[in-house]
Amino acid sequence: MFKRVEISAPGKLILCGEHAVVYGRKAIAAAINSRTHLIATSTTDNDTRNEFILNLNDISQTITINQASFKSIQQSITSNDLQEILNHVLNSSSNESKHYKAIIFMLLSNRGINWDIFCNLTVNVSSEIPLGSGLGSSASFSVCISAFLLILSGKVLLKNEWSEHELELINSHAFCLEKIFHGKASGIDNTVATFGDYILFEKGEIVKFSSNQKLPLLVVNSGMPKNTMEQVLKVRSLYEKQTEICEHIFDAIDKIVIDFLRILRHNEANVAIASDVQDLITMNHGLLCALQVSNLGLNTIVGLAEQCGFAGKLTGSGGGGCCLILLRSNEDSMQMIEKLDEMRFEHFEVANLGSPGVRVDDVVI
Ligand code: PMV
């Protein structure tokens, strides 16, 4: 079939609208130029091993599947319905890792995968995206695995340009994998990792769009792990106590998203636009603080950026994870970067916001 295949998918950044999106408002996310890479190699005919191996290099975990477990997985349920298969995997009492369950889900939803090919594969996955920081590392993993196993099943072709239908298929499987990793998932992360570019998200509806605006961003990791479910529940309990005020906050965030969208879709970049984006970012952070999802680490990063004349906000669920800071191409950010370094905050510049989605980077037949 092939000797070697390389597939990659990007991470994501929520630009604005987090939390309010859970209450029916809009959010914008974009693909970043940090990617997860899956490299699969097939052993030669005279070196058959009879075992599938998946090396998760970033967490030093290896998953192996032998013929007996392959057969017992495939016989464990007869349904072809993705939701039923997902429930079956989620309800199974086994204490296997979530990554293993992800593979089980893909094998059950793609019973056409041939053992003779599968058993000779070694798959290595590694990511440039910091894990657990809200930048979509698990979704980019889910999308790579989904694409790869759909290729093995023949439902998605091994080629450079995938059709909309093939991408939808990759995305719907990856969405199920995200539910294995995170319980309730909104679908933003896997959609961005699949389609790349920019995504406007509202009430589960997704609109893909591109932008000519160059938004130079610095992503700063607070170093604190975040727990999305915990932060969503925190906002829920605030909402139950302060419903009317929260509704106003969500409406204000929604207006920020609408203005941000207008700017991103605007063809020209100019100083007025840059200053508007700065305002929107600063206001969005303030509103997230009002929802109580920021913390000392995130506020320190945003405060430091503001001290140096830049705008910043937390991105994603908050309670940890990352902030984004809008850089201005012609202005010196050295002083801010030195201060971030002094405080040992990891950071990286996002050069190409709206990067390409999942793709086959290399094939050796
Ligand atoms: O934790 P992240 O970066 O994947 O972002 C979560 C965004 C929320 O709006 C808080 C939750 C959601 O599902 O949309």
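**Packing and aromatic rings**

A: Start with Phe-260, which touches Leu-15, Cys-16, Ile-28, Leu-215, Val-277, Leu-280 and Ile-281, leaving aside residues up to four places away in sequence. Contact here means heavy atoms within 4.5 Å. This is a predicted model, where local features need pLDDT of at least 70, side-chain atom pairs count only at pLDDT 80 or more, and totals for chains, interfaces and linings use all residues. Residues are numbered from 1 along each chain as its sequence is written, and side-chain values use heavy atoms, with hydrogens and water left out.

Q: Which residues have the most contacts inside the largest nonpolar core?
A: The general idea is that in soluble globular proteins, nonpolar side chains tend to be buried together. A nonpolar core is a set of buried Ala, Val, Leu, Ile, Met, Phe, Trp, Tyr and Cys residues joined through side-chain atoms within 4.5 Å; buried means under 20% relative accessible area, exposed over 50%, partly exposed in between (1.4 Å probe, protein chains only). Here the largest core has 60 residues, and those with the most contacts inside it are Leu-15, Ile-28, Leu-217, Phe-260, Leu-291, Met-336 and Leu-353. Helix α9 (residues 243-265) gives the most to this core, with 10 residues. Helices (H or I, at least four residues) and strands (E, at least two) are DSSP runs, numbered from the N terminus. There is also a second, separate core of 56 residues, which includes Ala-102, Phe-118, Val-125 and Phe-195.

Q: How many aromatic pairs are there?
A: A pair of aromatic rings is described by the distance of the centres and the angle of the planes. Rings of Phe, Tyr and Trp (its six-membered ring) pair if their centres lie within 6.5 Å; planes under 30 degrees apart count as stacked, over 60 as edge-to-face and the rest as tilted. That rule gives 10 aromatic pairs. Take Phe-2 and Phe-148: their planes sit at 65° with centres 6.2 Å apart, so the pair is edge-to-face. It links distant parts of the chain, with Phe-2 in the segment before β1 (4-16) and Phe-148 in helix α5 (residues 137-153), 146 residues apart.

Q: Is Phe-148 buried or exposed?
A: Phe-148 is buried, at a relative accessible area of 1%, and Phe-2 is buried too, at 5%.

Q: What kind of aromatic pair do Phe-70 and Phe-118 form?
A: A tilted one, 5.3 Å centre to centre with 35° between the planes. Ring pairs also link Phe-52, Phe-70, Trp-115 and Phe-118 into a cluster.
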